[in-house]
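Student: I have a structure to go through and would like to work from the fold down to single side chains. Can we take it step by step?

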Amino acid sequence: MTDGLGSKVLKGAAWTIAGRFSLRLVGLVNTAILARLLTPADFGLVAMGMIVIGLVEGVFDLGVRPALLRRADTTDADFDTAWTVTLIQGAVMALLVAAVAPFATLYFGDSRVELMLWILACVPFLRGMQNIGVLAFEKALDFHKTFRLELVQRLLLFAVTVAAAVILENYWALVVGQVAGAGLSVLVSYVMHPFRPRLGTQGFAELWSVSKWIMLGRIGAELFGRADRIVLANRVSAEGLGHYTMGSELASLPATALVGPIQRVLLPAMAMVSGSPERLSAGYHRAIGLQTLVALPVCVGIAMVARSLVAVLLGAQWSASTTIVQILVIATLSQSFRVIGYSALLVLGRQRQLAWVSWTNLAVFLVLVIVVFPNADGVRMAIILATLSWIGFVIQTTYLSIVGIAAPRSLLAVVWRPVVGSVAMALGLAVLPIQGIGLVWVQFVVEIATGAAIYALTVLALWRIFGGNAGAEAELIERVPAFRRLIGGSFDHR
């Protein structure tokens with residue numbers, strides 16, 4: 001990528017990561033409050049309903065949004081067409097959710113699911129009504145506006161859900177929060193962007209030529225991403241599913257705070273340089289370096305402090321979620337790397353190959369959990385998921401190397417220091433006498449501070465010893481004045 005575009009990408013990434021951390025902070029406060037007002041069984045019951053919602057949305061999402069982001073030039077007519085498609089698909093999804101509600105009740109073995117799904121059917125319909133114009137923020141890499149939009153939406157959802165939990169004191173609070181949150185998000189999207197979409201189908205054929213393969217890949221990816229809960233929901237109680245769901249939610253913290261923002265920036269940015277394989281390859285390695293520098297220590301850190309994290313955030317009644325967090329956060333780490341390769345392959349027009357990969361992942365997972373391990377519980381299912389995720393990363397990296405995007409030596413050069421730093425952090429947290437030093441929240445704070453200090457000092461020392469004038473560390477230090485003052489002086493990393 002050019003320096004100008006690279007700086008714009010980094011600025012966009014900084015905004016989206018800062019925004020995601022802020023949103024996750026709101027989400028964590030929301031989760032901490034709800035975990036004390038409601039029970040694991042309440043969360044597990046609503047998780048059953050959201051499995052159906054997510055499954056229907058994943059299968060019938062036509063992929064018009066990423067198709068728009070992939071295109072360098074778009075018109076108002078393209079946005080009108082995309083909005084028309086999302087409106088129709090939202091209505092279809094709502095009807096399907098309502099139609100499958102009786103069958104879902106039989107599958108989950110809980111009569112309360114049917115009525116809950118009839119109400120939750122409003123969610124995909126409302127999401128389809130959102131102003132498609134806000135996508136222009138992402139296309140222009142104008143992510144501070146996206147951050148404001150999502151922050152307002154999240155705060156409204158937080159307020160409604162917590163208020164409902166205080167009043168209702170049962171699972172209906174989560175249902176009310178989902179529906180009200182979707183409706184308020186529609187309202188906010190029209191307030192925050194002046195674009196007013198109209199019904200239209202101009203350019204649909206061109207849009208569909210790209211989105212059909214994106215849709216097929218997304219279906220496989222969504223099914224793979226939810227298959228563990230779909231299978232597990234038929235094997236364990238609502239409480240057991242609640243523990244697994246909450247553990248998965250905590251393990252996905254790095255994904256929602258780091259992976260999603262990186263993908264949102266990379267896809268439109270890589271589309272701008274898709275005509276130059278050299279610039280695309282350079283951008284890929286640059287993104288891998290930055291992602292490794294941040295995501296690797298976060299994921300390793302969560303795995304090491306999971307027990308304290310669950311106790312502080314959720315309370316003692318959620319202790320069974322600890323092991324799930326420790327395993328699934330390893331899968332999240334793999335996803336943080338795979339999303340970069342996914343963006344590169346998408347702009348190269350490899351939608352068909354990406355679709356086949358998604359379906360292959362799903363097929364292998366189902367064979368393992370249904371045929372090979374028919375009695376797999378939540379822990380074993382999490383282990384299978386993490387293993388397949390890393391196998392997928394190896395396969396993707398190999399393919400990227402074949403097409404000339406990834407280079408093993410270049411990858412090693414940008415990841416080795418964060419890897420060594422993360423290993424040092426894990427060893428330090430394992431051997432230092434931190435356990436039982438006081439109240440659980442005190443121990444949690446000490447663990448975080450100790451791990452962060454070990455990692456930062458190790459990486460900084462290695463970077464300075466082995467020619468500290470290049471790499472992801474230089475990118476970060478140059479753009480954060482506090483870090484630049486800390487190391488004493490400026491430098492040219494290019």
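Tutor: Buried means under 20% relative accessible area, exposed means over 50%, and partly exposed lies in between. The model is a predicted one.

Student: With that cut-off, is F393 buried or exposed?
Tutor: The cut-off for buried is under 20% relative accessible area. F393 has a relative accessible area of 19%, so F393 is buried.

Student: Which secondary structure does the chain contain, and how many elements?
Tutor: The chain has 494 residues, of which 52% count as buried. Among contacts between residues at least 6 apart in sequence, 82% join residues at least 24 apart. As for secondary structure, the chain has zero strands and 21 helices.

Student: What angle do the ring planes of F337 and F393 make, and what is the pair called?
Tutor: A pair of aromatic rings is described by the distance of the centres and the angle of the planes. Planes under 30 degrees apart count as stacked and those over 60 as edge-to-face, the rest being tilted. The centres of F337 and F393 are 5.6 Å apart and the planes are at 40 degrees, so the pair is tilted.

Student: Which residues form an aromatic cluster with F337?
Tutor: The structure holds seven aromatic pairs, one of which joins F337 and F393. The cluster that contains F337 also takes in F393 and W390.

Student: Which residues does T292 contact, leaving aside its neighbours within four places in sequence?
Tutor: T292 lies in helix α13 (residues 277-304) and is buried, with a relative accessible area of 1%. The side chain of T292 reaches the backbone oxygen of I288 at 2.7 Å. Beyond its neighbours within four places, the contacts of T292 are P297, F337, V415, P418 and Y455.

Student: What is the nearest side chain of opposite charge to E447, and how far away is it?
Tutor: E447 is in helix α19 (residues 440-465). A salt bridge needs a side-chain nitrogen of Lys or Arg within 4 Å of a carboxyl oxygen. E447 is buried and has no salt bridge; the nearest side chain of opposite charge is R307, 8.1 Å away.

Student: Which side chain, then, makes a polar contact with E447?
Tutor: Helix α14 (residues 306-313) has the buried residues A306, S308, L309, V310 and L313. One of these, S308, has a side chain that meets that of E447 in a polar contact of 3.0 Å. The partner asked for is S308.

Student: How many salt bridges does the whole structure have?
Tutor: R112 and D110 meet at 2.8 Å, N to O, with R112 partly exposed at 39% relative accessibility and D110 buried at 14%. R127 and E57 meet at 2.7 Å, N to O. The search of the whole structure finds two.

Student: Why does the bridge between R127 and E57 tie together separate parts of the sequence?
Tutor: R127 is partly exposed at 35% relative accessibility, whereas E57 is buried at 17%. R127 lies in helix α6 (residues 122-128) and E57 in helix α2 (residues 40-60), so the pair ties together parts whose separation in sequence is 70 residues.

Notes. Residues numbered from 1 in each chain as written. Predicted model: local features only at pLDDT ≥ 70, side-chain atom pairs only at ≥ 80, totals over all residues. Heavy atoms only, no water. Phe/Tyr/Trp six-rings, centres within 6.5 Å; stacked < 30°, edge-to-face > 60°. Buried < 20%, exposed > 50% of the residue type's maximum accessible area, 1.4 Å probe, protein only. Helix = DSSP H or I, 4+ residues; strand = E, 2+ residues; numbered from the N terminus. Lys, Arg positive; Asp, Glu negative; His and termini not counted. Polar contact = N/O pair within 3.5 Å; in protein donor to acceptor, adjacent residues only side chain to side chain. Contact = heavy atoms within 4.5 Å.
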